[in-house]
Amino acid sequence: MNAADTTYTSAERAAMGSALAAALRGPRGANPLVGAVILSPSGEPLASGYHRGAGTAHAEADAIFEAARQGIDVRGTTMVVTLEPCNHVGRTNPCAQAIIGAGIARVVYAVDDPHDPAAGGARTLRAAGIDVRSGLEAIESTNLNREWFDAVAAKRPFVTLHIAQTLDSRIAAVDGTSQWISSPESLADNHGLRGLIDAILVGTGTVLADNPRLTAREPDGGLSARQPLRAVMGLRDVPPDAAVRGDDGRFRHLPTRDPAEALSTLFADGVRHVMVEGGSSILSTFLAAGLVDELIVYLAPTLLGSGTPALNDLGISTLADAQHWSWDEAGGGSVRTLGNDLRLHLRPNHRAATPPKNSVPGIEAAEPVTGGH
């Protein structure tokens, strides 16, 4: 390793900070948060981009597109990006090829992509004669996507847990009524999320009590173009006339009470992002198992005083064992007002992250660990 491998210019360091900030504008889920900045040969920032979610342009391509929109020639420039450029064809073309095609001369990235199909972009870039360095702000980039890295390593879907509750943490009144605790604006936001995820998961109790459709709908009530797989977890049978079954074949019954088993089955079915909804039993089961990567709470300014609590016993008997969560600024901010409700966005607290072992400045991963952004 030579000195150039471990030395970054002040412009590159500032650009990585901007790329990390840009990445936070995207949503969490099946893909990591990624930001990119293009620098001129003299170190001036020319354009930036970020990944807006599954199926959209990746951060690198977004930055190249933005530069082209402004009429900027990016040949001979440097791209600074928070994750190794991907190397595979998925819903979009490989970022490594987009960089090569644009004529970018240098790439500085933070951490290696641990996702098998996407990894190897650095190797492809080097083979094309591009100067590639890695490791800049590796810890910060790893922390940015800590939950996504964990899900990839465990070969399970990224898990979003959704709760709609009153101020006193009730999800239904004593008589079982729960429609509608959330405001119309919160409901619309939730349906927007449903249109982005791969699967929505509830328990059999919710199906038997509420007979939900679990579809993603537009504000006018029509079905959204993209629909999640409708999954039901539990040992009880799902009635043949249950609305959740639908008529499009996108229904899955998971006859288990084990959340890890349910996630493993969904992963094998190709699901990479699942949203857990429903009653206090399934919500508590996933939280108690430590299998929630993102928590979204719609908090209504309503008091019931009694009724169904949002959560059951999590197995916590002392404050020292309490679950702690952090406010998450990704995808629109940690606290937003939706109608009369507050939308709270949180992620689990973690110890300080350690970058993947191959994310050492100047060293390319010899073997990828395990899908990409």
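This is a predicted model: local features need pLDDT of at least 70, side-chain atom pairs count only at pLDDT 80 or more; totals for chains, interfaces and linings use all residues.

**Entry 1: charged pairs along a helix**

I began with Arg146, which counts as buried at 16% relative accessibility; buried means under 20% relative accessible area, exposed over 50%, and partly exposed in between, with a 1.4 Å probe and protein chains only. Residues are numbered from 1 along each chain as its sequence is written, and side-chain values use heavy atoms, with hydrogens and water left out.

What does Arg146 pair with? I found a salt bridge to Asp150, with the closest N and O atoms 3.4 Å apart. The rule I used for a salt bridge is a side-chain nitrogen of Lys or Arg within 4 Å of a carboxyl oxygen of Asp or Glu. Asp150 is partly exposed, at a relative accessible area of 30%. Arg146 and Asp150 are separated by about one helical turn, because they are 4 residues apart in helix 7 (residues 146-154). Helices here are DSSP runs of H or I with at least four residues, strands are runs of E with at least two, and both are numbered from the N terminus.

I then looked at Glu66, which forms a salt bridge with Arg69, the closest N and O atoms being 2.7 Å apart. Both sit in helix 3 (residues 59-69), 3 residues apart, about one turn of the helix. Glu66 is partly exposed at 21%, and Arg69 is exposed at 57%.

My next stop was Arg194, which lies in helix 8. Is Arg194 buried or exposed? Arg194 counts as buried, at 8% relative accessibility. I listed what Arg194 touches, leaving out residues up to four places away in sequence: Ile200, Leu214, Thr215, Ala216, Pro228, Met275 and Glu277, where contact means heavy atoms within 4.5 Å. The side chain of Arg194 also reaches the backbone oxygen of Thr215 at 2.8 Å.

With Glu277, the side chain of Arg194 meets in a salt bridge (3.0 Å, N to O). Glu277 lies in the loop between strand 11 (273-276) and helix 11 (280-288) and Arg194 in helix 8, so the pair ties together parts that are 83 residues apart in sequence. Glu277 is buried, with a relative accessible area of 7%.

Most residues other than glycine have a negative phi, and most peptide bonds are trans. I went looking for exceptions. Leu214, one of the contacts of Arg194, has a positive phi near 60°. Leu214 sits in the loop between helix 9 and strand 9 and is buried at 4%. Asn211 has a positive phi of about 50° and belongs to the loop between helix 9 (204-210) and strand 9 (229-233). Asn211 counts as partly exposed, at 40%.

The peptide bond from Gln179 to Trp180 is cis, with omega near -5°. I placed Trp180 in the loop between strand 7 (170-172) and helix 8 (184-194).

**Entry 2: cysteines**

How many disulfides does the structure hold? I got 0, taking a disulfide as a pair of cysteine sulfur atoms within 2.5 Å. The sulfur of Cys86 is 3.7 Å from the closest cysteine sulfur, in Cys95, too far for a bond. Cys86 is buried at 0%, and Cys95 is buried at 1%.

**Entry 3: helix 2**

Last, I checked helix 2 (residues 10-23): at 1.5 Å a residue its 14 residues should span 20 Å, and its end C-alpha atoms are 20 Å apart, which agrees. The expected span is 1.5 Å times one less than the number of residues. In helix 2 the buried residues are Glu12, Ala15, Met16, Ala19, Leu20, Ala22 and Ala23. They cover an arc of only 160° around the axis, which puts them on the same side of helix 2; the arc is that of the directions from the helix axis to the C-beta atoms. I noted that these buried residues pack against several elements, including strand 1 (35-39), strand 3 (78-83) and helix 6 (138-144).

Key. A polar contact is a pair of N or O atoms within 3.5 Å; within protein, one must be able to donate a hydrogen and the other to accept it, and residues adjacent in sequence count only if both atoms are side-chain atoms.
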